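Please read the following briefing alongside the sequence and the coordinates.

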Amino acid sequence: MTQQLTAPPPRLADCGVEAPAAVQELAHALLAKRPGDRPDSAADVYAALAPYLPAPDPAFATRRMPPEDPQRPFLVPHGPIMPR
């Protein structure tokens, strides 16, 4: 249990995971013990990953479905975040 609290997490490369160096550094930062060593926001994580993500499908981004029940819009299924 002490190691869980104090030992740094292993690097992705040490675990046999192949990824660009920037992605490996981001993963290591996300697992940092001290909050100050982690990214400040999800937007920062997205910005770091953006060069490695596929370009969004413009047709998917503009497609909108009307709510099935306007009183409960949070129950409307929105589909996948990224098109397959």
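A residue is called buried at under 20% relative accessible area, exposed at over 50% and partly exposed in between, with a 1.4 Å probe and protein chains only. By that cut-off Q24 is buried, because its relative accessible area is 16%. The model is predicted: local features need pLDDT of at least 70, side-chain atom pairs count only at pLDDT 80 or more, and totals for chains, interfaces and linings use all residues. Residues are numbered from 1 along each chain as its sequence is written, and side-chain values use heavy atoms, with hydrogens and water left out.

**Q24 and its helix**
- Q24 sits in helix α2; helices (H or I, at least four residues) and strands (E, at least two) are DSSP runs, numbered from the N terminus.
- Leaving aside residues up to four places away in sequence, Q24 touches L12, A13, V17 and A19, where contact means heavy atoms within 4.5 Å.
- Helix α2 spans residues 21-30, and its buried residues are V23, Q24, L26 and H28.
- The cover over the buried residues of α2 includes α3 (42-49).

**The chain**
- The protein chain has 4 helices and 0 strands, in the order α-α-α-α from the N terminus.
- Of the 84 residues in the protein chain, 10% are buried.
- Among contacts with a separation of 6 or more, 28% join residues 24 or more positions apart.
- The accessible surface of the protein chain is about 7,300 Å², with 61% of it belonging to carbon and sulfur atoms; such areas come from the Shrake-Rupley method with a 1.4 Å probe, and for residues only the protein chains shown count as cover.
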